[in-house]
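Q: I would like to learn how to read the features of a structural model step by step. Could we take them one after another, with the general idea placed beside the particular case?

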Amino acid sequence: FLQMKFDKEGNTTYFEKKKTELYQELGLQARDLRFQHVMSIATRNNRIIMRMEFLKAVITPEFLLILDYRNLSLEHWLLNELSSQLAGEGQLVTYSLPFEFRAIEAILQYWISKLQGRLNTLQPQILETLEALVDPKLLSVDRSKLHILLQNGKSLSELETDVKVFKETILEILDEEEVIEELCLSKWTDPQVFEESMSGIDHAEEMELLLENYYRQAEDLLNEARELRVLIDDSESIVFINLDSHRNVMMRLNLQLTMGTFSVSLFGLIGVAFGMNLESSLEEDPRVFWLVTGIMFLGSGLIWRRLLSFLGRHLEPPPPPHVPAFLKKSQPAAGRVEIKTSLKGETFGLSRSTLPNQ
């Protein structure tokens, strides 16, 4: 293992050690140091083992051990922030508490800030894409925008899953009072710390408050991600509504043109009849051509206008039903509208027997 060791003063030591030597030195078992991309916080032999996916840490009352830290983002945090936080120079709330409190808070703070950073990166990209897609002036949807939204939606789903796992990990500890007690390592190893806890400083309560704080932060982060997910779903509905609206306009225009073509074709039969090679006395009169042509255009226009009126009546939404004025003023009670018996039918020009029918 390539390891990084931090003591109480924030001093850093780098060294490599075999796995067998390490777990024997720490008094752990081989499975405790097994790398698994899971999230868990466990205790064994007065040691705290924290797994945050690629981050693996072992906490003791004297030092913090980071195992296999070869990760670019992790190295930046280890070299620039963690040492000062453990030494009490950072913004940790638990700087006055034992060392394991500072170590746990530093790791939890790093992980929650990492999740918050992922959300802060996704949120403006999603909002910008949705703003471009929800424009009602667009007759079609840009496929490149949809591809970007699909990728961001997958990243948002992964973020929601990671936040849920983080919440569940903390909640499992909060539900077990014995585990919270075991996380207070110095309380059982340092007599002075034990005496302070007996005099009124409850370290288990402090640990519970620490975990609840990051549980609430994870809950707020998950709510923000859910609101963003709801916004994506609502925007998707708006996009479908806009596309359906444009599709309905095109279908209505196509139907109007079809009705116009039908009207012209119907009266075009007159021209077909006169175009037959049959002799009659009408073709000798020069006024008949203009008369038949006028009848064809006039009849086609009337039929087309009639068809448009028929189409408008059937496509317009029906008007809302008429509600009498006295029913609007009455108050609903027990799921039905009741009319006070003190109302007189003469006031409305109605008799008492006609009120139920009305």
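Q: Is methionine 250 buried or exposed?

A: The class follows from the relative accessible area, with exposed meaning over 50%. Methionine 250 has a relative accessible area of 55% and is therefore exposed. This residue is found in helix α8, which covers residues 203-274, and together with Val249, Leu253 and Leu257 it makes a nonpolar surface patch of about 400 Å².

Q: How should I read confidence here, and what is the mean pLDDT of the protein chain?

A: Keep in mind that this is a predicted model. The mean pLDDT of the protein chain is 75, with 74% of its residues reaching 70 or more. Over residues 326-358 the pLDDT is below 50, and this stretch has 17 contacts in the model beyond near neighbours in sequence.

Q: How many helices and strands does the protein chain have, and what percentage of its residues is buried?

A: The protein chain has 10 helices and eight strands, and buried residues make up 32% of its 358 residues. Its accessible surface comes to about 23,000 Å², of which 56% belongs to carbon and sulfur atoms. Where contacts join residues at least 6 apart in sequence, 62% of them join residues at least 24 apart.

Q: Which residues have the most contacts inside the largest nonpolar core?

A: A nonpolar core is a set of buried nonpolar residues joined through side-chain atoms within 4.5 Å. The largest one in this model has 58 residues, and those with the most contacts inside it are Met52 and Leu64. Helix α3, residues 99-133, contributes the largest share of this core, namely 16 residues. A second, separate core has 10 residues, including Leu22, Ile49, Val58 and Leu65. As for leucine 64, its contacts, leaving aside residues up to four places away in sequence, include Met4, Phe6, Ile59, Leu82, Phe99 and Ile107.

Q: How many salt bridges does the structure hold, and which residue forms one with arginine 118?

A: A salt bridge requires a side-chain nitrogen of Lys or Arg within 4 Å of a carboxyl oxygen of Asp or Glu. The structure holds four salt bridges, and in one of them arginine 118 pairs with aspartate 162, the closest N and O atoms being 2.7 Å apart. Arginine 118 lies in helix α3 and aspartate 162 in helix α4 (residues 143-174), so the pair ties together parts that are 44 residues apart in sequence. Arginine 118 is partly exposed at 28% relative accessibility, whereas aspartate 162, at 15%, counts as buried. Besides Asp162, arginine 118 touches Ser155, Glu158 and Leu159, not counting residues up to four places away in sequence.

Q: Which parts of the chain are linked by the pair of arginine 229 and glutamate 160, and which residue meets glutamate 219 in a salt bridge?

A: The closest N and O atoms of arginine 229 and glutamate 160 are 4.0 Å apart in their salt bridge. This pair links distant parts of the chain, since arginine 229 is in helix α8 and glutamate 160 in helix α4, 69 residues apart. Arginine 229 is partly exposed at 23% relative accessibility, while glutamate 160 is buried at 12%. Glutamate 219 meets lysine 167 in a salt bridge of 2.3 Å, N to O, and this pair also links helix α8, which holds glutamate 219, with helix α4, which holds lysine 167, 52 residues apart. Glutamate 219 counts as partly exposed at 23% relative accessibility, and lysine 167 is buried at 12%.

Methods: Residues are numbered from 1 along each chain as its sequence is written. This is a predicted model: local features need pLDDT of at least 70, side-chain atom pairs count only at pLDDT 80 or more; totals for chains, interfaces and linings use all residues. Side-chain values use heavy atoms; hydrogens and water are left out. Patches are made of residues with over 30% relative accessible area and no salt bridge: like charges are joined within 9 Å, nonpolar side chains (Val, Leu, Ile, Met, Phe, Trp, Tyr) within 5 Å. Accessible areas come from the Shrake-Rupley method with a 1.4 Å probe; for residues, only the protein chains shown count as cover. Helices (H or I, at least four residues) and strands (E, at least two) are DSSP runs, numbered from the N terminus. Buried means under 20% relative accessible area, exposed over 50%, partly exposed in between (1.4 Å probe, protein chains only). Contact means heavy atoms within 4.5 Å. pLDDT is the predictor's confidence in each residue, from 0 to 100.
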